[in-house]
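Good morning, everyone. Please look at the screen, and I will walk you through one model.

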Amino acid sequence: MIGPLKRLWDGFRGSGDAAVTVPPMDGALRPNQLLETARLVAAVPSPDDLATDGRSLFVSSGPRILRLADGASTVTAEYGAEITALAASPGGRIAAAVASDHLVVTEPDGASTTIARLGDGPMRCITALTFAGEGALLIAQGSAQRAADGWKRDLMERRSDGAVWRLDLASRQAERLAGGLGWPLGLALDAAGGILVAESWKHRIVALASAEAPRPVLADLPGYPARLHRDPAGGFWLALFAPRNQLIEFVQREPAFLARMVAEIDEAYWAAPSLRPSATFLEPLQGGAQKHLGMLKPWAPTRSCGLVVRLDDALRPVASYHSRADGRRHGVFTCLPFGGKVHAAAKGGDAVVEIDPAVVPAAGRGAQP
């Protein structure tokens, strides 16, 4: 009863979920150019997800899985549709979710199993995977209705029909752990074995517990959180694939304008987040104060950016690595510790880059007023 009343009150006052305010990039999130200048590991078309079994580093790129080593990439598997999530177990199992609605689990000896059902429905819109031991897989389902490539429409309509599942790989029995989530895009286990979920459309990370509603543990992020990975050295690494801005939040709250935009304008030019920097005057936000002396300002209004955040054990941001409005390494969907470095896949920048976690960004380094 309190929830509906609060939504009515927020709608009247423009507060809570009805507010169009966006938290600033401040404190540990102050901008720098450390992601933009990070060492390039591999130039890969639209890298989406990273995974490691502790010995090798894998990246998904379109329908392919590539192994990255010594500056080279080798194709290890290829499917008939885009891979939307990837995970590897310490024992060498690799799980890949394929956009054509199935999951492939490959054993260390090369044998593979295809799973096409999740509970009572099809294996649809899988956005993140992580192994919970060798015999179980945690699965984030972004939406029960849409495909993974429909993320932009799902966001603008502020839908919340995502879910998290636990799949027993031996019996293929799936248990629904949580539902009603706003496009869950990241999964991780904490030190105690608890499940953490990055809920993109609600700009937060929540903890799941049996018979309880998801509990926010980090909220009101200034961007859309994506994949989340635990760091063996302590804490977590979180990728945010795009920044929030007030124009987009405002459009989401104007149903008449939103309906006309969706119906009449090409999706590439919507007032919505983007994975790549602006490249045409047809996109929104082109008219206002973007350039100075003919150069794009790093602090210009933008629909895309590159952002990797380091979190401590209590999930508090302690450092961040940016590619700003004038950069190219945008649309980071995942960042993963491996070999003493942290690798970040910039889907909008067609690059996998390497961050040295020993380098702690100085607050405000490279920031502009």
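What pLDDT does the protein chain average, and what share of the residues score at least 70? The chain averages a pLDDT of 90, and 93% of the residues score at least 70. pLDDT is the predictor's confidence in each residue, from 0 to 100. One stretch falls out of that range: over residues 364-369 the pLDDT is below 50. In the model, this stretch has 15 contacts beyond near neighbours in sequence. A contact means heavy atoms within 4.5 Å.

Some ground rules. This is a predicted model, where local features need pLDDT of at least 70 and side-chain atom pairs count only at pLDDT 80 or more, while totals for chains, interfaces and linings use all residues. Residues are numbered from 1 along each chain as its sequence is written, and side-chain values use heavy atoms, with hydrogens and water left out.

Now the strands. A strand here is a DSSP run of E with at least two residues, numbered from the N terminus. Two strands pair if DSSP finds at least two bridges between them.

Take the open sheet with the order β20-β21-β24-β25. It has 4 strands, and the pairing is antiparallel. Which strands stand at the edges? They are β20, residues 223-230, and β25, residues 317-323. Each has a single partner strand, so one side of each is left without a neighbour in the sheet. Neighbouring strands are turned by 20° against each other on average, direction ignored. The axes behind such angles are lines fitted to C-alpha atoms, and angles run from 0 to 180 degrees between N-to-C directions.

β20 pairs with β21, residues 236-243, over 5 bridges in the antiparallel sense. Gly223 stands opposite Pro243 in β21.

The whole structure holds 7 aromatic pairs. Rings of Phe, Tyr and Trp (its six-membered ring) pair if their centres lie within 6.5 Å; planes under 30 degrees apart count as stacked, over 60 as edge-to-face and the rest as tilted. Trp237 and Tyr321 form a tilted pair, 5.9 Å centre to centre, with 40° between the planes. Trp237 sits in β21 and Tyr321 in β25, 84 residues apart. Are these two buried or exposed? Both Trp237 and Tyr321 are buried. Buried means under 20% relative accessible area, exposed over 50%, and partly exposed in between (1.4 Å probe, protein chains only).

Next, Phe241 and Phe333. Their ring centres are 5.0 Å apart and their planes are at 10°, so the pair is stacked. Phe241 is in β21, and Phe333 is in β26, residues 332-338, 92 residues apart. Phe241 and Phe333 are buried. Ring pairs also link them into a cluster with Trp151, Trp183, Trp201 and Tyr224.

Lys347 lies over the face of Phe333, at 5.2 Å from the ring centre. The cut-off: NZ of Lys or CZ of Arg within 6 Å of the ring centre and within 35 degrees of the ring normal.

Another region: β6, residues 83-88. Why call β6 largely enclosed by the rest of the structure? Because 6 of the 6 residues are buried. β6 pairs antiparallel with β7, residues 94-98, over 5 bridges. Ile83 has Val98 as its bridge partner. The two strands form a hairpin with 5 residues between them, and Gly92 in the turn has a positive phi of about 100°.
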